[in-house]
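Colleague: Hi! Could you walk me through this one while I have it open on my screen?

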Amino acid sequence: MTIPPLIVAQPPKFLAFREGESIEMPCVATGEPSPVYKWKMNDKDFDPSGNDGRIAIQPGVGTLIFARPIERDEGIYQCLGQNQVGTALTVKVDMKIASEFSWNHVLFVILIVIQQYWRRFNHRVRATIGHS
C-alpha cells in the first residue's frame with residue numbers, strides 16, 4: 001500500500017533567533033513509503049551541509065537544526081516531505097534575528113489594527129451619511 005505524505009509537525013510562520021543560540025524548525029511527515037525531506041530557502045533548494053556544520057537535518061525526520069545561527073541564515077524556509085506518490089509542504093517560515101523580527105512584527109500588528117479601525121470608522125461614517 002502507498003500513502004502520500006502528510007505533514008504532522010511544522011514550524012510557526014514566524015521564527016526569531018539570537019545569533020549563536022540553537023534553534024529548530026520541526027518538519028515531520030507520515031506516508032508510505034516514508035517521506036524523504038528537502039528544504040528550500042528563499043524558494044531555492046537548500047543544502048545545510050555547506051554551512052560549517054552549523055546546520056543539519058535531524059535523521060529520520062526533516063527537522064532543521066541550527067546549532068549556531070548567524071545573520072546570513074535569515075530567510076524564508078519551507079520543508080518538503082516527498083515519496084513516490086506525492087509531496088507535502090509546510091508553511092513558509094520567515095526566520096529573522098530576534099531584535100529585527102520583534103520590531104517588524106509589532107509594526108505589522110499595529111498596521112493591521114489601524115486598518116481594521118479605519119474600515120469600521122469609514123463604514124460607520126458612510127452608514128450615517130446614507131441615513132441622513
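**Strands, a disulfide and a core**

Modeller: Gladly. Let's begin with strand 4, residues 28-32: Ala29 and Gly31 make up its covered face, while Val28, Thr30 and Glu32 sit on the uncovered one. Bear in mind that this is a predicted model.

Colleague: Which way do strand 1 and strand 4 run relative to each other, parallel or antiparallel?

Modeller: Strand 1, residues 3-9, and strand 4 run antiparallel, with four bridges joining them. In that pairing, Ile3 stands opposite Glu32 of strand 4.

Colleague: Let me zoom out. How many helices and strands are in the chain?

Modeller: The chain has one helix and eleven strands. Along the sequence the pattern reads β-β-β-β-β-β-β-β-β-β-β-α.

Colleague: And what share of the residues is buried?

Modeller: Of the chain's 132 residues, 32% count as buried. As for contacts with a separation of 6 or more, 60% come from residues 24 or more positions apart.

Colleague: How many bridges join strand 7 to strand 8?

Modeller: Three bridges join strand 7 to strand 8, residues 64-66, and the two run antiparallel. Ile55, for instance, has Phe66 in strand 8 as its bridge partner.

Colleague: New topic: disulfides. How many are there?

Modeller: The structure holds one disulfide. Cys27 and Cys79 form it, with their sulfur atoms 2.0 Å apart. The angle about the S-S bond is -75 degrees, and the link of Cys27 and Cys79 is left-handed.

Colleague: Which parts of the chain does that pair link?

Modeller: Distant ones: Cys27 is in the loop between strand 3 and strand 4, and Cys79 is in strand 9 (residues 75-83), 52 residues apart.

Colleague: Are those cysteines buried or exposed?

Modeller: Cys27 has a relative accessible area of 0%, so it counts as buried. Cys79 is buried too, because its relative accessible area is 0%.

Colleague: Okay, the hydrophobic part. Which residues touch the most other members of the largest nonpolar core?

Modeller: That core has 20 residues, and Met25, Trp39, Phe46, Leu64, Phe66, Tyr77 and Met95 touch the most other members. The elements giving two or more residues to this core are strand 2 (14-17), strand 3, strand 5 (36-41), strand 8, strand 9 and strand 11 (93-97).

Colleague: What does Tyr77 touch?

Modeller: Leaving out residues up to four places away in sequence, Tyr77 touches several residues, including Met25, Trp39, Phe46, Leu64, Phe66 and Met95. Lys40 and Lys92 are also among them.

Colleague: I noticed a cis peptide. Where is it?

Modeller: The bond from Glu32 to Pro33 is cis, with omega near 0 degrees. Pro33 belongs to the loop between strand 4 and strand 5. The backbone oxygen of Pro33 is 2.9 Å from a polar side-chain atom of Asn83.

Colleague: Tell me about Asn83, then. Buried or exposed?

Modeller: Asn83, in strand 9, is buried because its relative accessible area is 14%, under the 20% cut-off. Not counting residues up to four places away in sequence, Asn83 touches Ile3, Pro4, Pro5, Gly31, Glu32, Pro33, Ser34 and Pro35.

Colleague: Last one: where is Glu71, and what is in contact with it?

Modeller: Glu71 is in the loop between strand 8 and strand 9, and is exposed at 51% relative accessible area. Aside from neighbours within four places in sequence, Glu71 is in contact with Glu19 and Ile97.

Notes: Residues are numbered from 1 along each chain as its sequence is written. This is a predicted model: local features need pLDDT of at least 70, side-chain atom pairs count only at pLDDT 80 or more; totals for chains, interfaces and linings use all residues. Side-chain values use heavy atoms; hydrogens and water are left out. Buried means under 20% relative accessible area, exposed over 50%, partly exposed in between (1.4 Å probe, protein chains only). Two strands pair if DSSP finds at least two bridges between them. A disulfide is a pair of cysteine sulfur atoms within 2.5 Å. A polar contact is a pair of N or O atoms within 3.5 Å; within protein, one must be able to donate a hydrogen and the other to accept it, and residues adjacent in sequence count only if both atoms are side-chain atoms. Contact means heavy atoms within 4.5 Å. A nonpolar core is a set of buried Ala, Val, Leu, Ile, Met, Phe, Trp, Tyr and Cys residues joined through side-chain atoms within 4.5 Å.
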